[in-house]
Amino acid sequence: MSKRNDEDFSIEKAIDRLEEIAGILENSDTTLKKSLEVYSEGVVLIDACKKNLCDVEKEMMILTGKGEKEEA
Amino acid sequence: MAVRNYTVSQINGYIKNLIVNDYLLSDIFIRGEVSNCKYHSSGHIYFTLKDENAAVAAVMFKGNVSTGLPFQLENGQLVVAHGNINVYERDGRYQLYVRDIKKDGIGNLYEEYERLKQKLYEQGLFEFDIKKPIPKYPKNVGIVTAGTGAAIQDIKNIAKRRNPFVQLILYPAKVQGEGAACDIANGIRTLDKMGLDTIIIGRGGGSIEDLWAFNEEEVAWAIYHAKTPIISGTGHEIDNTIADYAADLRAPTPSAACELAIPDVMSTIRSIEDMRNRITRSMDNRIADIKNRILSYERQFRLLNPQKKLMDKQQYIDELYDRITRLMQSQYDRRYHRLQVLSSKINGMSPTAKLINGFGYLEKKGTPVSSVKELKMGDNINITVHDGIINAKVGGIDVEEK
């Protein structure tokens with residue numbers, strides 16, 4: 001596996017945060033400023049999630065011998 | 001037709017001949033339970049093989065015991081004896097001449113399986129608390145199964161269909177036969193070191209012997225020690241292997257294990273898109289709500305505008321001004337008229353008007369003179385008549401006596 005630049009990105013955390021953001025937006029007590037803030041954050045997170053989920057289609061790797069790899 | 005007699009030996013020989021020439025009976029495996037087992041001092045073993053309904057005598061000669069019997073034969077054991085059927089002519093009975101004996105695979109394996117399951121259970125390998133959660137959004141999934149065969153093909157196809165972005169890493173393992181358990185355990189350890197999200201272990205269905213590698217202790221411990229969550233899918237749905245119990249999640253088949261390991265990416269994306277709609281809708285609602293509130297405030301403010309009040313007051317002031325002006329005018333007109341009337345009346349009564357006929361009035365230093373006592377000789381006085389003033393000097397005073 002190649003090192004990924006989004007190594008630190010956790011889709012689980014992102015999706016939890018999106019749930020939170022939806023809750024904040026649906027709460028009528030939230031200020032407009034806060035709403036705009038979390039909304040922009042949410043849109044960025046959604047794009048990041050989709051990017052994280054769908055990058056490049058992978059071929060199965062087969063380990064041979066002592067942990068070497070080859071494409072199937 | 002003459003009746004022919006045979007000797008016993010002839011008959012037994014004939015039967016022996018029949019049996020010896022039978023292809024099936026010359027090389028046969030017979031499964032049964034050992035009874036009447038007798039280790040003879042000669043080194044031969046005599047015993048009976050039986051099942052619920054039948055029994056057959058068996059003998060294993062010394063020469064075969066050393067090569068074909070790796071364990072102590074005891075009554076009650078379930079065994080598979082391999083040899084040929086022949087007739088012992090002396091007794092007139094057929095028996096099994098045993099070349100080698102194995103413990104009956106199934107009976108023994110079940111026993112072993114139950115024993116190991118109990119042992120590992122007591123050692124806590126199957127505890128629910130140690131089960132690791134399966135990542136919901138895996139990126140890299142390891143597989144320990146045979147490199148060829150239906151299982152890996154199914155997994156590949158299902159993974160591709162559900163989420164082609166997941167990297168599959170196969171450790172092709174020997175899944176049955178000698179060394180299979182060791183290979184599977186190695187596979188688990190190797191993949192575990194790679195820091196993958198999930199590992200699938202499994203193989204297609206088969207008999208308990210086929211699945212046996214997944215019932216071995218080494219595999220169970222490899223699963224237990226792995227830091228990566230492991231999903232096991234061995235055999236068909238009715239077979240539970242030790243590996244199934246030890247794994248973090250058990251699937252009925254390798255395909256099912258793959259489905260549990262790799263969620264459908266399209267449904268994940270759909271739920272993320274739903275989330276986008278949800279927050280966008282909330283945001284739109286919020287903005288629309290605020291817009292409406294602003295509009296309604298604007299309307300309210302327009303009604304409450306001080307400018308409006310001011311204009312209203314100005315209008316009122318204008319009205320008052322007009323009213324006052326009108327009133328003043330009429331007052332003025334009325335008074336002016338009256339003044340005219342009075343003026344002409346008063347003109348008629350003016351003292352100067354009365355001076356016309358020789359009348360005049362006296363003033364001394366601007367003060368009217370009303371008595372002779374106010375004057376003395378030589379005083380300067382002014383006499384005003386209707387068309388001017390006469391300056392005069394008192395020449396004499398006569399006091400009129402009353």
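## Basis of the model

The structure is a predicted model, in which local features need pLDDT of at least 70 and side-chain atom pairs count only at pLDDT 80 or more, while totals for chains, interfaces and linings use all residues. Residues are numbered from 1 along each chain as its sequence is written, and chains are lettered from A and ligands numbered from 1 in the order in which they are written.

## Where the chains meet

In this model 26 residues of chain A are in contact with 27 residues of chain B, where contact requires the C-beta atoms of two residues, placed from the backbone, to lie within 7 Å. On the side of chain A that touches chain B, α1 (11–26), α2 (32–53) and β1 (61–64) each supply at least two residues, and α2(A) gives the most, with eight residues. Here helices (H or I, at least four residues) and strands (E, at least two) are DSSP runs, numbered from the N terminus.

That side of chain A divides into 17 nonpolar, three polar and six charged residues; Ala, Val, Leu, Ile, Met, Phe, Trp, Tyr, Cys and Pro count as nonpolar, Asp, Glu, Lys and Arg as charged, and the others, Gly among them, as polar.

## Strands across the chains

Strands of a sheet pair through backbone hydrogen bonds, either parallel or antiparallel. Pairing requires that DSSP finds at least two bridges between two strands. Between the chains, β1(A) and β7 (residues 167–172) of chain B run parallel and are joined by two bridges, with Ile62(A) opposite Leu170(B).

## A sheet in chain B

Chain B holds an open sheet of four strands in the order β12-β11-β13-β14, with antiparallel pairing. Its edge strands, β12 (367–368) and β14 (388–393), each pair on one side only. Strand β11 (residues 361–364) of chain B pairs with β12(B) over two bridges, and Glu363(B) has Pro368(B) as its bridge partner in β12(B).
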